[in-house]
Amino acid sequence: MTPFKGKDFLTLADYSQDQLYKILAKGSEFKKLHKVGKLPRLLEGRTVALIFEKPSTRTRVSFEAGIAQLGGHPLILNSNDLQLKRGETVQDTGRTLSRYVDAIVMRTFSQSFLEELAEASEAPVINALTDKYHPCQVLADLLTILEKRDHLAGIKLAYIGDGNNVCHSLLLGGALVGMDVWVATPKGYEPDEDVVKRARSLGRNFRQEIKVLGDPNAAAMMADVIYTDVWTSMGQEEEAEKRKRAFAPYQVNEALLALAKKDALVMHCLPAHRGEEISAEVLDGHRSVIFDQAENRMHVQKALLSLIIGDLR
């Protein structure tokens, strides 16, 4: 039995630094085995429910493909396939589904809803995105940085843009592995203070800098990584024009990138709005590792599932 067996993955703060590095090492191993067609069938006989209450491209495809590659069966569900909209409680849904499947992966709105599902479910629950956290994305981000730089501790990551779910998970994941994380947002769009405090607490043994400021230039100065995300997330469409005005000075472009280290990496979790949060020149430039991030989603998620429900004998 590993310390992962049957463990929920709701936020990166629930895992230790050693556990994160084990996931990353396993993801790197699976990536190499995938390239040569020698992936082990560690999920043979396992069924994983994939529940999507939000639209998805990368999350759905990366999970579905990864589960199949390890010999498992992905079961795709959306809100219309479940009885939640017809009055069934999340607790009853969790208790029922866990009698049928080996794990539940859910992309939903409320973090508390996901936590209620996990509390009721006997099967482990994996957070595929909520409004507060996006931990699987940050596992892929950490693997990508590790591939390009061979280390994580001491790396300065500048996150430029909205203090959203990706930002929250970068703060927690960066703190756990000893990275400096500088967040630059317009006033009123900062990350949740409770998440910032948790990140500082997680990182206290590494003495790294966890900063939230308003100046994108200061954040980008001598950064090893420049990271951004869309200015308007799902569910915020009515705020789109207001957000465009507020975030206009926060675009990741050549001028901002010039402030970072000469070999700085450019990251974005996708989908991207070219010409808004990031210029096309930077997104397609030689320092962009954005599509490596997208690929690595599949490999770290395979690693996570193999450790939580896989046959690792």
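These legends go with a few close-up views of a predicted model.

**View 1. A five-stranded open sheet with parallel pairing.** Reading across the sheet, the strand order is β7-β6-β5-β8-β9. The edges belong to β7 (210-213) and β9 (265-268), each of which pairs on one side only. From one strand to the next, the twist averages 20 degrees.

**View 2. Zooming in on β6 and β7, a parallel pair.** Strand β6 covers residues 180-184 and is joined to β7 over 4 bridges. If you want a spot to start from, pick Ala184: its bridge partner in β7 is Leu213.

**View 3. Helix α5 lying across part of the sheet.** This helix (residues 135-149) lies across β5 (156-160), β8 (225-228) and β9. Against β9, helix α5 runs at about 165 degrees.

**View 4. Other salt bridges, out of 16 found in the whole structure.** Glu44 and Arg41 bring their side chains together at 3.1 Å, N to O; Glu44 has a relative accessible area of 46% and Arg41 comes in at 49%, so both count as partly exposed. Glu209 pairs with Lys211, with the closest N and O atoms 3.8 Å apart. There's also a salt-bridge network linking Asp162, Glu239 and Arg243.

Key:
Residues numbered from 1 in each chain as written. Predicted model: local features only at pLDDT ≥ 70, side-chain atom pairs only at ≥ 80, totals over all residues. Heavy atoms only, no water. Pairing = 2+ DSSP bridges. Helix = DSSP H or I, 4+ residues; strand = E, 2+ residues; numbered from the N terminus. Axes fitted to C-alpha atoms, helices over the stretch in contact; angles between N-to-C directions. Contact = heavy atoms within 4.5 Å. Salt bridge = Lys/Arg side-chain N within 4 Å of Asp/Glu carboxyl O. Buried < 20%, exposed > 50% of the residue type's maximum accessible area, 1.4 Å probe, protein only.
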